[in-house]
Amino acid sequence: SILTRIHLAQKAAITDQAVAAKKEAEQARNLALHAKQELEKANDKLQEMDQIKTNFFQNVTHELRTPLTLIMGPLQGMLSKEIHADQFMEQGRIMFRNTGRLLRLVNQLLDLAKISAHQMQLEARPVDVKKMLDITTDSFSSLAERKEIHLKLESDLPALSTYLDPEKIEKVLFNLLSNAFKFTPSGGVVNISLALTEEAQDGKE
């Protein structure tokens, strides 16, 4: 009958509306879920960037603190007259070397733009590693005396020339020695050893 057909048409229309509403609700849920996931990703990225910045500033602080400490040691000795007049020149040289290291560190910070642009390169050249170790060890001598730590450099080599980037190797050496003094108790020993491996002696390296 006509009434039956009208009733069925109305029922079909209601069903279609319900299906459409359900589909729209599902799409809205999917959009909300996607938005939530994107927000979580963005939050994770921000936290990662914050951690990177924190690590960067910690590293910068550590890098700057070491030469400053090595400058303060001789300076305190001079001001307290614990250093004899004949030692002033040597202590002055130590402070001068470490002020130079501070300047190089500041210049490295200014070079961060080059690092970001992937333009930073190794600048290797012939370097006497034994002489570099002598100078680095000497820079820590006043700190060793102040902390009553015995600092030794052991090597039978009068010289050892090789190609390397001196500024980057110096940075590694200062970090190693700084950590060594940090974790060595008073009365302890910090020993630096330089020797050729058997392969290097045989000319294989």
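Helices (H or I, at least four residues) and strands (E, at least two) are DSSP runs, numbered from the N terminus. With that in hand, look at Glu148. Glu148 lies in the loop between H5 and strand E2 (150-154). We will come back to this loop at the end.

First, what are we looking at? This is a predicted model, where local features need pLDDT of at least 70, side-chain atom pairs count only at pLDDT 80 or more, and totals for chains, interfaces and linings use all residues. Residues are numbered from 1 along each chain as its sequence is written, and side-chain values use heavy atoms, with hydrogens and water left out.

Now the overall picture. The protein has 7 helices and 4 strands. Along the sequence, the pattern reads α-α-α-β-α-α-β-β-α-β-α. Of the 205 residues, 24% are buried. Buried means under 20% relative accessible area, exposed means over 50%, and partly exposed is in between (1.4 Å probe, protein chains only). Next, contacts, meaning heavy atoms within 4.5 Å. Take the contacts with a separation of 6 or more: 84% of them come from residues 24 or more positions apart.

On to the aromatic rings. A pair of aromatic rings is described by the distance of the centres and the angle of the planes. Rings of Phe, Tyr and Trp (its six-membered ring) pair if their centres lie within 6.5 Å; planes under 30 degrees apart count as stacked, over 60 as edge-to-face and the rest as tilted. How many aromatic pairs does a search of the whole structure find? The search finds 2.

Phe140 and Phe174 make a tilted pair, 5.3 Å centre to centre, with 50° between the planes. This pair links distant parts of the chain. Phe140 is in the loop between helix H4 (129-139) and helix H5 (141-147), and Phe174 is in helix H6 (residues 166-183), 34 residues apart. Are these two buried or exposed? Phe140 is buried, at 0% relative accessible area. Phe174 is buried too, at 3%.

Phe140 also pairs with Phe181: the centres are 5.5 Å apart and the planes are at 15°, so this pair is stacked. Again, distant parts of the chain are linked, with Phe181 in helix H6, 41 residues from Phe140. Phe181 is buried, with a relative accessible area of 2%. Put together, Phe140, Phe174 and Phe181 form one aromatic cluster.

The charged end of Arg101 sits over the ring of Phe174, 4.0 Å from its centre. The rule is that NZ of Lys or CZ of Arg is within 6 Å of the ring centre and within 35 degrees of the ring normal.

Next, helix packing. Axes are lines fitted to C-alpha atoms, for helices over the stretch in contact, and angles run from 0 to 180 degrees between N-to-C directions. The axes of helix H2 (residues 88-110) and H6 come within 12 Å and cross at roughly 115°. H2 and H6 are therefore roughly perpendicular. Angles under 35 degrees count as roughly parallel, over 145 as roughly antiparallel, 65 to 115 as roughly perpendicular and the rest as oblique. The crossing of H2 and H6 is left-handed. That term applies if the near helix is turned anticlockwise from the far one by less than a right angle; clockwise is right-handed. Which residues meet here? Asn98, Arg101, Arg104 and Gln108 in H2 meet Glu167, Glu170, Lys171 and Phe174 in H6.

H2 also packs against H4, at an angle of about 105° with the axes 10 Å apart. That makes H2 roughly perpendicular to H4. On the H2 side, Glu90, Ile94, Arg97 and Asn98 meet Ile135, Asp138 and Ser139 in H4.

Stay with Ser139 for a moment. Ser139 is buried, at 2% relative accessible area. Leaving out residues up to four places away in sequence, Ser139 touches Leu70, Ile94, Arg97, Asn98 and Phe174.

Finally, back to our opening loop. Glu148 is not a glycine, yet has a positive phi of about 55°. Glu148 is exposed, at 56% relative accessible area. Gly188, in the loop between H6 and strand E4 (189-193), counts as buried at 15%. What does Gly188 touch, not counting residues up to four places away in sequence? Glu148, Ile149 and His150.
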